[in-house]
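Let's take a friendly walk through one protein model, topic by topic. Keep the sequence and the 3D view side by side as you read.

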Amino acid sequence: MASGIFVILDDIATLFDDAATMTKVAAKKTAGVLGDDLAVGAEKASGFKASRELPVLWAITKGSFKNKLIILPVAFLLSAFAPWLIVPILLLGGIYLSFEGAEKIYEFLFHKTSESKPVAETEESKAAILEEEKRKIKSAILMDFILSIEIVILALSAVAEQTLPIQIVAVTVVAFLATVGVYGIVALLVRMDDAGLYLMEVAENLKGFKRTLTEKTGRGLVLALPKVIRLLSIVGTLAMLLVGGGIFVHNLDSVHHAVDFMPTIIAELLIGLVVGVIALVIEKFVHAVFAKKTE
């Protein structure tokens, strides 16, 4: 009886050891997409009122966890019973990501808006702000859903030769660490100004070189935040095009062979832009047709 228990414990230890090894392998394979996920997530989670940044980020993080709870069991079932469906699902996600990236470029080029002067907050303006906030949160969660599919599929492909229990442990750990890591870093980024203000307050009680260094560091963080947000917007847009284009390049042989003479990053960006522009043109055309019918 005792020997049987030790055998079971040994099997469990072996399972967790193998799962830990495979988790590292899966994490390495998804590292590139995680970087893009961070850029897109930071871009989507920025641009809110300072007092609403953390509540909004928490709402997006909860949405990301729910996305993983939906995606993981579906991915394991598809991998086991309908693996042929995985690529079409990824391609649909690639179209959406490319469309989002192309739309942001279009908005920047043709719909620049001048900065509006601040107005007094009314019940109507507060309601409008909350409504816009909800819309942005939904958009961020949808974007996270697509990127999460990519992360889960990549992680799953890295451990495809392993037993089902190891696949489940490794891919699940990578998926949830992705959410914690990405949105944890985003939370630090969007609160840079708070950290800067804190350092400036601390500097008042210091003297000499320590005071100068602490004060300059704090002021630098405060001044850097708007520039970081603008940079994240650019990087996030490029990341959407790269991930969207990358899905086509790595999952369609015809596309891969058509651009295999280019550096990978250029090929992915080009394909993402082409797919995004086509999707944007179709969206504008459909919108115009429906607008005419409703007149």
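The second largest cavity in this predicted model has a volume of about 30 Å³. A cavity here is a set of points on a 1 Å grid over the protein atoms alone where a 1.4 Å probe fits but cannot get out. Grid points are joined across faces, edges and corners, and the volume is the space filled by probe spheres set on the points.

Two notes on reading the values: residues are numbered from 1 along each chain as its sequence is written, and side-chain values use heavy atoms, with hydrogens and water left out. As this is a predicted model, local features need pLDDT of at least 70 and side-chain atom pairs count only at pLDDT 80 or more, while totals for chains, interfaces and linings use all residues.

**Around the cavity**

- By this rule, there are two cavities of 30 Å³ or more.
- Five of the lining residues are nonpolar, one is polar and one is charged; Ala, Val, Leu, Ile, Met, Phe, Trp, Tyr, Cys and Pro count as nonpolar, Asp, Glu, Lys and Arg as charged, and the others, Gly among them, as polar.

**The overall fold**

- The chain has 10 helices and zero strands; these are DSSP runs numbered from the N terminus, with helices (H or I) of at least four residues and strands (E) of at least two.
- Of the 295 residues in the chain, 35% are buried, where buried means under 20% relative accessible area, exposed means over 50%, and partly exposed lies in between (1.4 Å probe, protein chains only).
- Among contacts (heavy atoms within 4.5 Å) with a separation of 6 or more, 81% are between residues 24 or more positions apart.

**The nonpolar cores**

- A nonpolar core is a set of buried Ala, Val, Leu, Ile, Met, Phe, Trp, Tyr and Cys residues joined through side-chain atoms within 4.5 Å.
- In the largest core, of 35 residues, L97, V152, V171 and I271 touch the most other members.
- Helices α3 (53-81), α4 (86-110), α5 (123-158), α6 (164-190), α8 (208-251) and α10 (264-294) each give two or more residues to this core, and α5 has the largest share, with nine residues.
- Leaving out residues up to four places away in sequence, V171 touches L72, F76, V152, A155, L156 and V159.
- A second, separate core has nine residues, including V56, I60, V182 and Y183.

**A buried aspartate**

- Is D144 buried or exposed? D144 counts as buried because its relative accessibility is 2%.
- D144 is found in helix α5, and beyond its neighbours within four places in sequence it contacts S64, N67, K68 and Y183.

**Aromatic pairs**

- The whole structure holds two aromatic pairs; rings of Phe, Tyr and Trp (its six-membered ring) pair if their centres lie within 6.5 Å, and planes under 30 degrees apart count as stacked, over 60 as edge-to-face and the rest as tilted.
- F65 and F176 are stacked, at 5.7 Å centre to centre with 20° between the planes.
- This pair links F65 in helix α3 with F176 in helix α6, 111 residues apart.
- Y106 and F110 form a tilted pair, at 5.2 Å centre to centre with 45° between the planes.
- Y106 and F110 are separated by about one helical turn because they are four residues apart in helix α4.
- Y106 is partly exposed at 25% relative accessibility, whereas F110 is exposed at 58%.

Methods:
1 Å grid on protein atoms, 1.4 Å probe; cavity = no way out; pocket = protein on both sides within 12 Å on 5 of 7 lines; lining within 4 Å.
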